[in-house]
Amino acid sequence: MMKKPLQTKKNSKFTRKQLIILIVCITTGFIIGYSYKLTKNHENRNNSYVEQEESYREDLIHQQERNKELAEELRDLQERLRDYERSFAKDEDKYEHLLEEAEKLRLMLGKIPSQGPGVQVTLNDNEYDPNSTNPNEYIVHESHVFSVINELKISGAESISINGQRLKSNSYIRCNGPVITIDGKHYPAPFVIEAVGDSKTLISSLKIVGGVFDQLLSDNIVVTIEEKNLIQMDSISDEA
Amino acid sequence: MWLPLLGLILGLSLGVLTDIQIPAIYENYLSIAVLAALDTLFGGIRANLQQVYDDKVFVSGFFFNIALAAGLAFLGVHLGVDLYLAAIFAFGVRLFQNIAVIRRILISKWEERHIKKDENTV
């Protein structure tokens, strides 16, 4: 494999040998150094990648923790909301009752405008009867109005007005000769009594046998009962 | 005697200081080239110690081995076979063998000198 080293020209061979060794050594060193440097660069790059990955992972973990916190908060809030709803549900019946009652009271007081189906009762004096000597026998008295209003209230009328004047809880009606006075305002016949409420109930209670309707007829009063789809009454504060 | 060491240091500093970038695929070849260079270097030292050193064999072996190793690695990459392992194995074994031979020669030489010294003293 190896040739015998030439003994002749030893001097020149020696320098040439040295030169070759130098070149080989330099090349080897270069390769080793370059390889070392490359590996180091690679490691650095890897390290930077790893660091980046690490930071991303930390970010991710952070976000996940935040997510968890928020989810917990959400759960908390939902729980609270459910509590509220539960308490609501408990109190709902009460509230509804209160609300209905308040509404009824307001209607009764006339604080809010009232509208809806209802009836219109018109009471008019009968025609003059020359045979009769007592005119009281054929004119409308406040007692007739009272009975109608009473009947209407009993049968659940929300609000009642006479000739457009809505009745309050403290309204008063007085007989004043040929006219009646309602809250200081005079109204002559005919008296148009309007009531908002369930029209069927109202009418049937008015027309009950031996009831108000029959009484009025027997008192020679012209009574007309009309069923209305929509009756509108302003609130009293508007009128005042 | 100091010339090889000087050359090695010079080459090392050159290699560290150069700023050439090569694609990552070729870094495998470089590692094999390192092995080949080291193998040839130790082979040369052994040959020198065994008095069978030859310039042409040394230089041609140096560059041919590097080229062969790189070529093998290249072929391996393109064939999907890890042929560079063969080169690493071969060079590694030879490296160890060379170093072992060098060690033995050095030890025997050292013993010879020792015996001579003893003879001289005696």
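This is a predicted model: local features need pLDDT of at least 70, side-chain atom pairs count only at pLDDT 80 or more; totals for chains, interfaces and linings use all residues.
Residues count from 1 along each chain as its sequence is written, with chains lettered from A and ligands numbered from 1 in the order in which they are written. Local features need pLDDT of at least 70 and side-chain atom pairs count only at pLDDT 80 or more, while totals for chains, interfaces and linings use all residues.

**Exercise 1.** Find which strands pair with β1 of chain A, and in what sense.

*Solution.* Start with the terms: strands are DSSP runs (E, at least two residues), helices are runs of H or I with at least four, and both are numbered from the N terminus. Two strands pair if DSSP finds at least two bridges between them. Now take β1(A), residues 114-124: with β8(A), residues 222-233, it forms 10 bridges in the antiparallel sense. Next, six bridges join β1(A) to β7(A), residues 191-196, again antiparallel. Finally, look at A:V119: it stands opposite A:E227 in β8(A), and its bridge partner in β7(A) is A:A195.

**Exercise 2.** Locate A:N163 and B:Q51, and classify each as buried, partly exposed or exposed.

*Solution.* First, A:N163 lies in the loop between β2 (159-162) and β3 (165-166) of chain A. Its phi is near 50°, a positive value in a residue other than glycine. Because it has 16 C-beta neighbours inside 10 Å, A:N163 counts as partly exposed. Second, B:Q51 sits in the loop between α2 (27-49) and α3 (55-79) of chain B. Its phi is also positive, near 65°. With 9 C-beta neighbours inside 10 Å, B:Q51 counts as exposed.

**Exercise 3.** Describe the chain over residues 28-45 and 83-106 of chain B.

*Solution.* Begin with the record: an unreviewed UniProt entry places the feature "transmembrane region" at residues 28-45, 57-77 and 83-106 of chain B. Its positions are in the numbering used here, feature names are shortened, and annotations may be inferred rather than shown by experiment. Residues 28-45 are 100% helix and 0% strand, with end C-alpha atoms 26 Å apart. Residues 83-106 are 100% helix and 0% strand, with end C-alpha atoms 35 Å apart.

Definitions and conventions: A residue is buried if 20 or more other C-beta atoms lie within 10 Å of its own, exposed if 12 or fewer, and partly exposed in between; C-beta atoms are placed from the backbone.
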